[in-house]
Each structure stands twice: as C-alpha cells, then as structure tokens.
Amino acid sequence: MIYTVTLNPCLDYIVSVPDFRAGRVNRAKFDRIIPGGKGINVSYVLNILHEENLALGFVAGFTGDEIRRIMDRDGVNNNFVELKSGYSRIDVQMILGLESSINGVGPKITQEDLDQLIEQLQVLQDGDTLVLSGTTPRGARDTVYADLLATIADKDIDIVVDAKGPLLLNTLKYRPFLIKPNRQEIIDIFYAKPDSIEDIIKYAKNLQSMGARNVLVSLSSEGAILITEDGEVYRHSAMQGEVRNTVGCGDSMIAGFLSGYAKNQDMIEAFQYSLAAASANAFQDGRGSYEDIQKLLRILQNEISDWH
C-alpha cells in the first residue's frame with residue numbers, strides 16, 4: 001500500500017492566457033480547477049497507473065471541502081485531517097507561453113493537528129510505502145517530515161521524499177528509499193551551481209552519502225538521472241513531444257517510478273515508468289492517461305540502449 005502525505009494541499013486554478021499583458025483585462029482561452037499539492041498529484045497518477053494508495057494530509061474550509069469532493073468524485077482515496085480554522089490555499093497556474101504561478105498562503109496547523117496525522121500513520125505496515133512531498137503549512141517546522149518519520153521508525157517501510165532544503169535534509173538520517181531533487185534544489189542545498197551532468201551526479205552521490213538510498217534527479221528539458229544505491233547511474237534525455245504543461249511533472253515521475261518498481265523491483269523498469277509518466281503529463285493539458293503513459297513506455301522499452 002502506498003500512502004501520500006500532502007501537508008499543504010490546494011485547489012489549482014489552471015488558466016491559459018496566451019497573450020497575457022499586465023495592466024489590462026485578459027481573457028482565458030480555457031481554465032479548470034483541480035486538487036493540487038505534490039502528494040495529491042502523486043496519488044492521482046498512482047490511480048491512473050492502477051496502484052492502490054491513500055492520500056493523507058490537512059484540509060480546511062470551503063476549499064478543503066472542494067478538494068475532498070473532487071477527489072471522491074475522481075475515485076482517489078483520501079483521509080485528510082480537517083483543520084478547525086482557515087481554508088486550504090488556492091494556487092493560480094498560468095500555462096502556455098511563459099508559465100507563471102501565484103501560490104496561496106494556506107491555513108496554520110497546530111501540534112494537535114499533527115498528532116492526528118501521526119495517529120493515522122500508525123496503521124502503516126512493513127512493506128508499505130510513504131511519500132512525503134511538497135511544502136509545509138504555517139505552523140510547521142522544517143523538521144516536520146523528520147518528526148513524522150520518527151514516530152514510525154520501527155516500521156520497515158519505503159520512504160520517498162520530495163522536498164526542498166532542510167525539509168529534505170532532515171529526513172536523510174532515516175535512509176529514504178528515494179528522493180527526487182531537481183537541479184535548482186541541488187543548487188540550493190550545496191550552494192553551488194552544477195555546470196555539467198557529471199557535477200549533478202557528484203552532488204546526487206553526496207546526498208546518498210548523507211543517507212538517501214536512491215536519487216532521482218529531474219532535469220526538465222534535459223531529462224532525468226537515476227543514481228541507485230548499488231552504484232549504478234542511468235541517464236535519459238527528455239522524450240520528444242510538444243510540451244503543453246509542466247505542472248505536476250515531477251510528481252508524475254515519482255508515481256511512475258513507484259509503479260514501475262512495484263512490477264519487478266527493477267530499477268531500469270522503474271526509471272522507464274518515471275520518464276513515461278512525467279512525459280505524458282508534459283504532453284497533455286493535464287495529467288496523462290494510462291494509454292498515454294503506456295504508449296510512451298513502449299517507446300522507451302524499444303530503444304536500443306543499455307540505459308547507462
């Protein structure tokens with residue numbers, strides 16, 4: 001069973017304004033509202049890939065009600081802790097042309113709220129997977145992910161972390177199965193700009209020396225790199241296609257990796273699934289379908305390559 005945790009969910013208002021100009025009335029070409037937050041995105045793609053999962057985290061107010069309503073409608077299992085005050089944030093994502101975002105603030109959480117989530121995590125069993133992904137709400141410290149892991153440290157579970165800076169670094173002592181930094185997050189962690197793929201691999205291995213078992217680095221238009229705990233390094237360039245939406249690509253990559261790895265515990269297969277899921281997301285206005293992912297996966301599997 002895979003559990004995802006989104007501490008600061010949102011409603012994503014995704015709007016296309018190709019000719020946006022400041023200081024005037026702009027009209028959208030299309031828009032839609034979907035539940036968002038990195039863990040929720042992972043859950044949606046896991047659902048697309050037919051992987052059983054449960055989305056956890058915090059929701060509040062009328063926007064929190066709408067997040068749950070849409071997820072229930074879409075068949076995405078969830079069991080959020082409902083906060084007593086505030087409302088879940090609304091994020092504006094402008095796509096097509098130059099993509100821009102305005103992220104809302106969101107509610108404030110208390111220790112009592114965290115204790116309810118901690119109680120939910122106690123149902124995890126050996127062999128389960130826990131995905132901790134995204135930013136934290138007001139009231140949470142940068143140790144919050146590590147604090148959650150401390151309460152289930154006696155369980156033999158696979159931990160996946162997709163977070164920035166100290167929020168990620170504080171979890172490494174728990175030897176997460178997978179972390180997924182991008183180039184900018186590596187720069188922010190090591191205060192150094194990787195000038196080459198070799199530099200990125202070096203910094204990824206540094207993260208392994210700090211506790212991460214496997215490191216999946218997303219590189220946007222340059223593809224991705226996987227460094228495994230047994231020392232293998234796999235790299236693939238970005239797949240060919242018209243990029244229409246980059247929102248949630250990294251989350252799709254994580255979901256694809258977990259689904260692929262669940263098949264045969266094979267790292268190459270997991271890497272291929274991660275690339276296919278991320279690319280399917282990028283080539284659609286929203287999350288890619290199962291058929292989209294499978295089509296791209298077949299292209300990857302048919303390549304003449306040793307994947308190194």
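1. I14 touches F30, D31, R32, I34, Q93 and I95, leaving aside residues up to four places away in sequence. Contact here means heavy atoms within 4.5 Å.

2. This is a predicted model: local features need pLDDT of at least 70, side-chain atom pairs count only at pLDDT 80 or more, and totals for chains, interfaces and linings use all residues. Residues are numbered from 1 along each chain as its sequence is written, and side-chain values use heavy atoms, with hydrogens and water left out.

3. I14 sits in strand β2, residues 10-16. I14 counts as buried because its relative accessibility is 2%. Buried means under 20% relative accessible area (1.4 Å probe, protein chains only). I14 and V160 are 146 residues apart in sequence, and their C-alpha atoms are 27 Å apart in space.

4. The protein chain has 10 helices and 13 strands. Both are DSSP runs numbered from the N terminus: helices are H or I, at least four residues; strands are E, at least two.

5. On overall shape, the C-alpha trace spans about 50 × 50 × 40 Å along its principal axes. Buried residues make up 53% of the 308 in the protein chain. Take contacts between residues at least 6 apart in sequence: 65% of them join residues at least 24 apart.

6. On charge, the protein chain carries 30 positive and 42 negative side chains. The centres of the two sets lie 6 Å apart. Lys and Arg count as positive, Asp and Glu as negative; His and the chain ends are not counted. Each charge is placed at NZ of Lys, CZ of Arg, CG of Asp or CD of Glu.

Key:
Buried < 20%, exposed > 50% of the residue type's maximum accessible area, 1.4 Å probe, protein only.
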